[in-house]
Amino acid sequence: MMRKRAFMWGMVALSGTLLLSSCSLIGGNRSSDGSRGGAASGQDGKSAPIQLTIRHTQVKDTQKKRLAMLQDVVAAGNPPEIFDLFGGTDTRDYVKANRLLDLTPILQELGLTDKFYSFEEFTVGGKIYGIPMAGYVEGLYYNKKMLANHEIQPPQTWDELMAAAAKLKSLKITPFALAAKDSWVINMMINTMWVRTAGQGAIGGLLDGSKKWTDPDMLQAFEQYQTLIQKGYFQDGSLALAYAEQQNAFISGGAAFMFDGSWANTPLLDPEKSSIVNDVGFMSLPSMGGPGDGYINGGWSNAYGFSKKVTPDQLMAIKEFIRQMYNEPMQRRQLLEEGMPPAMKLSDTGQINPLISQILQVFETSKGTFPAFDSVIQTKVRESLERSMQELIGGRTNPAALTADLQRKQEAANAEESHTKS
């Protein structure tokens, strides 16, 4: 969260007997060498239930509701081997390693193929390997009451955003909450900024060589980000703060703006944690005068994937899990309780929280979407950018040096990929 790949993995085993029609689902247990055998029988001669694990990211205190939804699906029985799967690069790597179950025929069998907004990030070679759980969108959260109290309108342009930040700073109010210890957090905002200045196709251009990190329109974004740093518009001591501290600063009323993803809705709307539950607004990052204005980082890049190595009985369990997890009532529940944009097309989106309604509107009225760069760009380039952005915040590099180094890493990564393909 997406970003999302940086969250801690959780490992849980949920036991019981998952019922399919009127029969218990049974299957192979792990043998002493870790392999799976055929159906196991107990001492009474009856077939033993499947014992498998599910790997997921719903381990944080702020994700209790999502965990409850997952448990409701599998608590009635032993789940198949399931794991959180990120789209783009991660999915392609798993497919290359021959680890993922092809879900194309299962989705067709269950009549779900046309029920989702997009499988794009989980499609490799025309086959679908992951089923999105929810959508996401990244943008600028703002404290409506704080801005109104100081006669600041939600900014529509970069100049207006800078003017608002300057006024807030003069009033000793932190303009932007930021926790930079987790480097992926920094890269959410700069990712959108370089799309604003260089265009929606910038990431694709970096990969095919038609775009360079050192191009003036790319450099511009890093220079404008440096301005935020130099003017002291970010949260003090951000390099020592973990991601949760960014949200804590915002929900406590300690900052006016926060760039984050829609997965942040849970803590923002929790009255036990947030003092601004009724005062949160959301907007796309203001326009910066470039070809990418109006586009938004959003999509469906967090999914469940399934192990390819399953027995026939485990495959039955997988199908039952999909039936129970992916339906309109569950997707609507996720929307209402978690504020997560649905992955499936819903016929009823009424009675949702005003903030969620605003987020969905921003999503739907944008010119278009672009994927998070870290789901597309090569790992070595991503890691280099993460280190470099922390160094930029710490004053140990500058935009020109940063982008020059990134371009060297990009050219090396592109050459390596080209060599591998040939």
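Trainee: Is Asn98 buried, exposed or partly exposed?
Mentor: In this predicted model, Asn98 is partly exposed, with a relative accessible area of 46%.

Trainee: Where does Asn98 lie?
Mentor: Asn98 sits in the loop between α2 (89-96) and α3 (104-109). Its phi is positive, about 60°, although Asn98 is not a glycine.

Trainee: What about Glu151, which also has a positive phi?
Mentor: For Glu151, phi is near 55°. The residue belongs to the loop between α4 (144-149) and α5 (158-170). Glu151 counts as exposed, because its relative accessibility is 71% and the cut-off for exposed is over 50%.

Trainee: Which residue with a positive phi follows α9?
Mentor: That is Gly253, with phi near 85°.

Trainee: Staying with α9, which of its residues are buried?
Mentor: In α9 (residues 243-251), the buried residues are Tyr243, Gln246, Gln247, Ala249, Phe250 and Ile251.

Trainee: And what covers them?
Mentor: The cover includes the strands β10 (131-143), β11 (174-177), β12 (255-261) and β13 (280-283), together with the helices α6 and α10 (265-268).

Trainee: Changing topic, how many helices and strands does the chain have?
Mentor: There are 15 helices and 15 strands. The chain has 422 residues, of which 55% count as buried. It exposes about 18,200 Å², and carbon and sulfur atoms supply 50% of that area.

Trainee: How many residues are in the largest nonpolar core?
Mentor: The largest nonpolar core has 108 residues. Those with the most contacts inside it are Tyr141, Phe176, Trp194, Tyr225, Phe257, Phe306 and Tyr326. Helix α6 (residues 183-198) contributes the largest share of this core, 10 residues. Apart from it lies another core of eight residues, including Leu85, Val95, Leu100 and Tyr129.

Trainee: What is Phe176 in contact with, leaving aside its neighbours within four places in sequence?
Mentor: With those neighbours left aside, Phe176 is in contact with Leu140, Leu161, Ala165, Met189, Leu228, Tyr233, Phe234, Gln235, Ala255 and Phe257.

Trainee: Back to α6: at what angle do α6 and α14 pack?
Mentor: The angle is about 90°, and the axes are 9 Å apart. The two helices are therefore roughly perpendicular. On the α6 side, the contact is made by Ser183, Trp184, Ile186, Asn187, Ile190 and Trp194. From α14 come Leu385, Glu386, Met389, Gln390 and Ile393. By class, the residues of this contact are seven nonpolar, three polar and one charged.

Trainee: And how do α14 and α15 pack?
Mentor: Helix α14 (residues 379-393) and helix α15 (residues 399-421) pack at about 170°, with their axes 9 Å apart. They are therefore roughly antiparallel to each other, because angles over 145 degrees count as such.

Trainee: Which residues meet there?
Mentor: From α14, Lys380, Val381, Ser384, Leu385, Ser388, Met389 and Leu392 take part. They meet Pro399, Leu402, Asp405, Leu406, Lys409, Gln410, Ala413 and Glu416 in α15. The contact of α14 with α15 has eight nonpolar, three polar and four charged residues.

Trainee: What does Leu336 contact, leaving aside neighbours within four places in sequence?
Mentor: Leu336 is then in contact with Gly350, Gln351 and Ile352. Leu336 and Gly350 are 14 residues apart in sequence, and their C-alpha atoms are 9.1 Å apart in space.

How values were computed: Residues are numbered from 1 along each chain as its sequence is written. This is a predicted model: local features need pLDDT of at least 70, side-chain atom pairs count only at pLDDT 80 or more; totals for chains, interfaces and linings use all residues. Side-chain values use heavy atoms; hydrogens and water are left out. Axes are lines fitted to C-alpha atoms, for helices over the stretch in contact, and angles run from 0 to 180 degrees between N-to-C directions. Helices (H or I, at least four residues) and strands (E, at least two) are DSSP runs, numbered from the N terminus. Angles under 35 degrees count as roughly parallel, over 145 as roughly antiparallel, 65 to 115 as roughly perpendicular and the rest as oblique. Contact means heavy atoms within 4.5 Å. Ala, Val, Leu, Ile, Met, Phe, Trp, Tyr, Cys and Pro count as nonpolar, Asp, Glu, Lys and Arg as charged, and the others, Gly among them, as polar. Buried means under 20% relative accessible area, exposed over 50%, partly exposed in between (1.4 Å probe, protein chains only). Accessible areas come from the Shrake-Rupley method with a 1.4 Å probe; for residues, only the protein chains shown count as cover. A nonpolar core is a set of buried Ala, Val, Leu, Ile, Met, Phe, Trp, Tyr and Cys residues joined through side-chain atoms within 4.5 Å.
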